[in-house]
Amino acid sequence: MSCIENLNEDCLLKIIEYLDLEEQLQLWQSFKPTSRLRSVLSYRWQHQTNHSLDAETFVQDPEILDVFLQCIQPTVSELTLRYLTMDLLEHWKNRIFPNLRELTYMGDENSELDGDSDIAILVGCFPHLEGIGLSGNSSGQHISRWRNLRRLDLQLCWYLNTQCFEEICQNLRLQTLSIQWHRAEEDAYVRAICTLKELQELELDIVHLSTENTSKLLRLPKLSKLRLHHFEELDDLLSDIGNQRGQDVVAAAFSDNIWMRPSNILAKFQSLRCLTLVDDEGCCAIDFRTTIINCFPLLEQLHLENSRIWLNAHGIWEVALACPRLRDFSLSNQILYDEFFVFCESTMKRALDQRTEPLRMHFYKTGKEDLNQWNWNFYLRNRDPQEVQCGVL
């Protein structure tokens, strides 16, 4: 171990890059307080602005936590804390982290905390916090004291108190909110959310939302993104959104459920420019091209993530033919085999002949690293290279 200190600082820093935090702490303990390696480790911690800490990281020697916190205190800007006990959180008291802006805090659900005493400590440590994701037993108490908070994720706070949430909405100028509630609490939560006049993004993990409350949320003056999980009556909700603000929706993402939506409901979103399908296996009873033509005639971007809706690339060119405005197509997280590239060249020719702008195609994690050099060039050998711009990541 004594030989490693003979290396210069650049070499030591490079070695430390390959070690996780627990290994770095073990290295710290292996050397004397006056050693040069400890100085290099301190430098590394202080100049790394993003840190992630677990309860197990310091459980063997909590005193090292004080040394670590002193190093990162003036510089850390993003932090993840997982299941820290109150004994460990006591080490954070009376410390202020002036540059901490983003925090992910996973509370210890098995600990017997005195109310929201852990959140009270965090509020004192991070006075300038702008974004936080919380999970655990928090009732929402103390959160409204973060006056600079703009992004708040409470989806995993199962014991959130309605009155505390109302206080949060009254005192904070939130721009992004992720939340869940029980059905009986819907009116109170919607009423509180409607006071957030600067809210731009809203994520809801709920199973029901009445037409009246949908209308209230859609009237939020700056709301630009609405995300829903586990919703049971999606057709009714989409219909309500389409009737009230369908012309304003320019981007939508569906997770394995677009095929179950009636075309008369999807057609309420005629202004859609960007469509993303995630984890979609397709449906043999529905013609995807017809859905696109009838419902989204202005489509400019189509992104497929782990979505096997076509047997081969013929489907891509059919959509390109049906959507002359299409500028970007991407396919990711799907293994492509040689059979995928057996398609009708005449369809591709007709799709490209009608275009006035290039079609950009992006492929990521498809198992075809040689896509540019082989498959597409074989079919595009007589085309202007600017007609189709293909990229492989």
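Leaving aside its neighbours within four places in sequence, which residues is L275 in contact with?

**Entry 1. L275**

I took contact to mean heavy atoms within 4.5 Å. Leaving aside neighbours within four places in sequence, I found L275 in contact with A252, F254, I258, I292, F296, L299, Q301, L302 and H303. The model is predicted, so I note that local features need pLDDT of at least 70 and side-chain atom pairs count only at pLDDT 80 or more, while totals for chains, interfaces and linings use all residues. Residues are numbered from 1 along each chain as its sequence is written, and side-chain values use heavy atoms, with hydrogens and water left out.

I located L275 in strand 10, residues 274-278. Helices (H or I, at least four residues) and strands (E, at least two) are DSSP runs numbered from the N terminus. The relative accessibility of L275 is 0%, so this residue counts as buried. For burial I used relative accessible area with a 1.4 Å probe and protein chains only: buried is under 20%, exposed is over 50%, and partly exposed is in between. I also looked up the separation of L275 and C344: they are 69 residues apart in sequence and 25 Å apart in space, C-alpha to C-alpha.

**Entry 2. The chain as a whole**

I recorded 15 helices and 14 strands in the protein chain. The C-alpha trace spans about 75 × 60 × 30 Å along its principal axes. Of the 393 residues in the chain, 45% are buried. Among contacts with a separation of 6 or more, 66% come from residues 24 or more positions apart. The accessible surface is about 20,200 Å², and carbon and sulfur atoms hold 47% of that surface. Accessible areas come from the Shrake-Rupley method with a 1.4 Å probe, and for residues only the protein chains shown count as cover.

**Entry 3. Salt bridges**

Side chains of opposite charge can pair when their charged atoms come close. I counted a salt bridge where a side-chain nitrogen of Lys or Arg is within 4 Å of a carboxyl oxygen of Asp or Glu. By this rule the count comes to 18 salt bridges.

I first examined R82 and D54, which form a salt bridge with their closest N and O atoms 3.4 Å apart. This pair links distant parts of the chain, as R82 is in strand 2 (residues 78-82) and D54 is in strand 1 (residues 50-54), 28 residues apart. R82 is partly exposed at 28% relative accessibility, and D54 is partly exposed at 23%.

I then turned to R95 and D66, whose side chains meet in a salt bridge at 4.0 Å, N to O. Here too distant parts of the chain are linked: R95 is in the loop between helix 5 (86-89) and strand 3 (102-106), D66 is in helix 4 (residues 63-72), and the two are 29 residues apart. R95 counts as buried at 17% relative accessibility, whereas D66 counts as partly exposed at 22%.

R245 and D248 also meet in a salt bridge, at 3.3 Å, N to O. R245 is partly exposed at 24%, and D248 is partly exposed at 43%.

**Entry 4. Helix 7**

Which residues of helix 7 are buried? In this helix, residues 162-171, I found C164, F165, I168 and C169 buried. They cover an arc of only 140° around the axis, and therefore lie on the same side of helix 7. The arc is that of the directions from the helix axis to the C-beta atoms. Q163 and Q170 are exposed on the other side of helix 7. The buried residues pack against strand 5 (151-157), strand 6 (176-179) and helix 8 (186-193). At the start of helix 7, a side-chain oxygen of N161 reaches to within 2.8 Å of the backbone nitrogen of Q163.

I placed W158 in the loop between strand 5 and helix 7. W158 is partly exposed, at 45% relative accessible area.

I found S35 in the loop between helix 2 (21-29) and helix 3 (36-47). S35 counts as buried at 10% relative accessibility. A polar atom of the S35 side chain lies 2.9 Å from the backbone oxygen of K32.

Notes:
A polar contact is a pair of N or O atoms within 3.5 Å; within protein, one must be able to donate a hydrogen and the other to accept it, and residues adjacent in sequence count only if both atoms are side-chain atoms.
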